[in-house]
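This report describes ligand surroundings and selected backbone sites in one structure. Please keep the sequence and the 3D view at hand while reading.

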Amino acid sequence: MALRICPLCEATCGLTLTIEDGRVTGARGDREDVFSKGFICPKGASFAELDNDPDRLSRPLVRRDGELTETSWEDAFETVANRLGTVVSEHGGPSVGVYLGNPNAHTIAGALYPPLLVRALGTRQVYSASTLDQMPKHVALGLMFGSPVAFTVPDLDRTDYLVVIGANPLVSNGSLATAADFGGKLRALRKRGGRLVVIDPARTRTAELADRHLAPRPGTDAALLFAVVHTLFDEDLVDLGALAGSVNGVDDVRALAADFAPEAVAAYCGVAADDIRLLAREVAAAPSAAVYGRIGTSTVEFGTIGSWLVDVVNVLTGNLDRPGGAMFPLSPVAPAPRPPKAGREFRTGRWHSRVSGHPEVLSEFPAAALAEEIETPGKGQIKALITIAGNPVLSAPDGERLDRALDGLDFMLAVDPYLNETTRHADVILPPPPPSRSAHFDFALNNLAVRNNARYSPPALPLGERPDEAEILARIALILYGIGADRDPALVDEQVIATTLTAQTADPHSPVAGRPVDELTAMLEDGPGYERRLDMMLRLGPYGDAFGAKPDGLTLARLKAAPHGIDLGPLRPRLAQVLRTSTGRIELAPRALTADVPRLRAALRERADGYLLVGRRHLRSNNSWMHNLPALNGGTNRCTLRIHPDDAAELGLTDTDVAVIKGPGGELLAPIELEPGMRRGVVSLPHGWGHDRGGTGQKVASSRPGVNVNQLNDGNRLDPLSGTAVLNGVPVDIAPAG
Ligand SMILES: Nc1nc2c(c(=O)[nH]1)N[C@H]1C(S)=C(S)[C@@H](COP(=O)(O)OP(=O)(O)OC[C@H]3O[C@@H](n4cnc5c(=O)[nH]c(N)nc54)[C@H](O)[C@@H]3O)O[C@H]1N2
Ligand SMILES: Nc1nc2c(c(=O)[nH]1)N[C@H]1C(S)=C(S)[C@@H](COP(=O)(O)OP(=O)(O)OC[C@H]3O[C@@H](n4cnc5c(=O)[nH]c(N)nc54)[C@H](O)[C@@H]3O)O[C@H]1N2
Ligand code: SF4
Ligand SMILES: [Mo]
């Protein structure tokens, strides 16, 4: 038996693994886990199958005479050093691109090392799944609160009224709101007399659970939310509560909302004006309320304005930063709170992409622009690419173009356990070990947890002769810093520790101000570099022992002594600690956002009557992977086009038909699935499918049917403020095949 936090989605459930003969043979929910209390879903329950998947790479692959062949770790790192070295010496570090995929948010290695690689290269060619996902939220937070990671999460355990927009947590298990058993929490909300409203063009499982379901036209949430804001002003329902005195721009928002009366947006949104007014009244009247928006408000044409307006409603109803409202979690590895101070203005567009001139956002360019930056010759062209935990050939728009572009690279390195649609283009693949053999700590997701907590899982099984992912990435860093892959990878971590402690001891507000760096370094627990860094961060953090100054505080040793985790209590108001705007107040109407409002106003007048495509997720899937596990992938084709029966009838489609779907980037065939819960005019297809290309190493996945929905996208439609691809609300034509 061993305990292991599940790394497969944002819910971070504690698992109890059964171990027999040196391998994992089963997984159950850990009932004593302080955060998840025994919850588990089918993916977590398949942990053993995932861990033991025979198609997982156990040794590195290096391309020889065109073929990817197994080799030793030594040879693989030497090849990386030589080949990357050649590209860097011929074209410079900035010619190396980096793509960081979703699982980096779930691994220790992904949290600690990629920034070092980017810095070592000095490259601005940085891409990630964020511009296929939550980048609009970062931009909105940065502009409103001065920090792009000042996440607001719904206080699920205490709220009286929850509005879920464009999320289906009963299937996704929640996102940008880390809560194990999200469904249970929604049921508990209703049981205690609270209300749940779901806004989604599909009647999802989450919508089925709701007191009220509004089904807008895809892509129109920003207008709908503006109409809620309009109503709040119009009916004198604005009440900032404790926030009064901390908010700039209320009158500007009132003026901007003037054009968005519910009657003015009703036709565009496809929602009755009365329903919008009622929503505004109820949010305002509830003892506490939280508006929570996710993928459906984010990966759309007005993603950043929509993400902003979610928190505008939270602020105008006094629900920001109060129990039961939208609150700021306090992670155990966040820096210890400092006295309030003004920050520098959050900005995007400090530099621009070479080919299309996209503004940088959080030092990244849009994932949708990766292919053109590889293909287009000239100074700054991407000549080599490092992908870590990503599969952009399936997850980003127009994978076929990226597929071709990757072939044109001088060198590609992938850090990934699988040979898949993206990594098959690599010259070297360095596979991390199965999750049972890695330690786990949620550096990223603790900042999003609906209840503060700290949990650490050491590796459940020994590594054997292979490096863990932290070591793999540290060795790549050694190469890029010119130190040599054969040196001790701990050097990388010790350098970070020295730099961090030097800065902390020089900061008069740090819990270790003025203390000698040597003394602090000597206090860190012996162990792998990542553990020493974690120990340091915990001790410098809000609950930390401040290196002995607070004897009861948190250290890694204390955390290890609590294998089911340490509960750090409910979320607490802490706006003053979070705010880092240059004015020291919440900026409700930042110029960068309000400048995009005319585009939304113009959209209200557009009348499109074709079909709009949205995405959907499946409980037994995870983006483009986990399709190789028989336990999760039995049964019929899941990659179907869901359509309302009346729409299907109008198109002459029956439930046994295959449809041709045409989008801006191409066309696909998919079987249709009649679904009365779809809004008329809206169809859905899941993403991450289409594993039939040759040259991959996932036997189960490649035998499954399914097509790549992102081939319908040409990559030209982006939310301009965040560079996020429009993946929901894509105009498509549908017809019977053949
Ligand atoms: N049409 C459409 N497209 C979408 C979306 C949508 O809703 N609709 N959703 C978007 C979203 S939200 C996201 S986050 C992106 C995801 O986009 P990506 O992050 O590019 O893709 P994933 O499918 O998550 O691929 C994860 C990769 O990580 C590997 N991996 C798994 N575990 C580990 C590990 O521990 N270490 C390492 N190094 N690798 C590991 C897997 O083998 C796989 O290759 O897709 C986006 N694409
Ligand atoms: N089982 C499973 N869980 C997952 C994943 C997975 O692939 N499978 N992926 C993980 C990842 S990377 C992420 S980012 C999260 C995402 O987590 P969620 O945001 O909960 O994602 P979805 O389940 O795709 O739900 C998005 C909903 O938005 C709706 N929608 C589409 N367009 C619009 C619109 O314009 N307006 C509104 N209001 N709604 C719209 C869709 O119908 C859909 O029901 O899930 C994570 N969890
Ligand atoms: S809900 Fe997420 S974290 Fe929990 S068991 Fe399932 S996949 Fe793992
Ligand atoms: Mo995501």
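## Basis

The structure is a predicted model. Every value below is computed from that model.

## Ligand 1

Ligand 1 is surrounded by 29 residues, and the closest are Y99, N102, D416, N420 and S624. Sorted by class, its shell consists of 14 nonpolar, eleven polar and four charged residues.

The side chain of N420 places an N or O atom 2.7 Å from an oxygen atom of ligand 1. At N391, a polar backbone atom is 2.9 Å from an oxygen atom of ligand 1. A nitrogen atom of ligand 1 is 3.3 Å from an N or O atom in the side chain of H687. On its own, ligand 1 has 920 Å² of accessible area, and the protein covers 94% of it.

## Ligand 2

Around ligand 2 there are 31 residues, with S172, D200, G219, D221 and H618 the closest. Eleven residues of this shell are nonpolar, 14 are polar and six are charged. Helices α7 (169–172) and α14 (295–298) each contribute at least two residues to the shell.

Among the contacts to oxygen atoms of ligand 2, a polar side-chain atom of D200 lies at 2.6 Å, and a polar side-chain atom of S172 lies at 2.7 Å. G219 uses its backbone instead: an N or O atom there lies 2.6 Å from an oxygen atom of ligand 2. Ligand 2 taken alone exposes 920 Å², of which the protein buries 97%.

## Ligand 3

Ligand 3 takes up the space of the largest cavity. The residues around ligand 3 are C6, L8, C9, A11, T12, C13, F39, I40, C41, K43, G44 and N173. By class, eight of the shell residues are nonpolar, three are polar and one is charged.

## Positive phi angles

D65 belongs to the loop between β4 (61–64) and β5 (67–70), and D321 to the loop between α15 (303–316) and β14 (326–327). Is D65 buried or exposed? D65 counts as exposed because its relative accessibility is 83%, and the cut-off for exposed is over 50%. D321, with a relative accessible area of 12%, is buried.

A positive phi is also found at G122, which comes just after α5 and takes a value of about 65 degrees. Within helix α5 (residues 114–121), the buried residues include P114, L116, L117, V118 and L121.

## Other buried sites

Q381 is located in the loop between α16 (370–375) and β15 (384–388). Q381 counts as buried because its relative accessible area is 12%, and buried means under 20%. The side chain of Q381 reaches the backbone oxygen of I374 at 2.8 Å.

G26 lies in strand β3 (residues 23–29). With 15% relative accessibility, G26 is likewise buried. How far apart are G26 and V578 in sequence and in space? They are separated by 552 residues in sequence and by 41 Å in space, C-alpha to C-alpha.

Terms used: Residues are numbered from 1 along each chain as its sequence is written. Chains are lettered from A and ligands numbered from 1 in the order in which they are written. This is a predicted model: local features need pLDDT of at least 70, side-chain atom pairs count only at pLDDT 80 or more; totals for chains, interfaces and linings use all residues. Side-chain values use heavy atoms; hydrogens and water are left out. A residue is near a molecule or strand if one of its heavy atoms lies within 4 Å of it. On a 1 Å grid over the protein atoms alone, a cavity is a set of points where a 1.4 Å probe fits but cannot get out, and a pocket is an open set with protein on both sides within 12 Å along at least five of seven lines; lining residues have an atom within 4 Å of a point. A molecule sits in a cavity or pocket if more than half of its atoms lie within 2 Å of its grid points. Ala, Val, Leu, Ile, Met, Phe, Trp, Tyr, Cys and Pro count as nonpolar, Asp, Glu, Lys and Arg as charged, and the others, Gly among them, as polar. A polar contact is a pair of N or O atoms within 3.5 Å; within protein, one must be able to donate a hydrogen and the other to accept it, and residues adjacent in sequence count only if both atoms are side-chain atoms. Accessible areas come from the Shrake-Rupley method with a 1.4 Å probe; for residues, only the protein chains shown count as cover. Helices (H or I, at least four residues) and strands (E, at least two) are DSSP runs, numbered from the N terminus. Buried means under 20% relative accessible area, exposed over 50%, partly exposed in between (1.4 Å probe, protein chains only).
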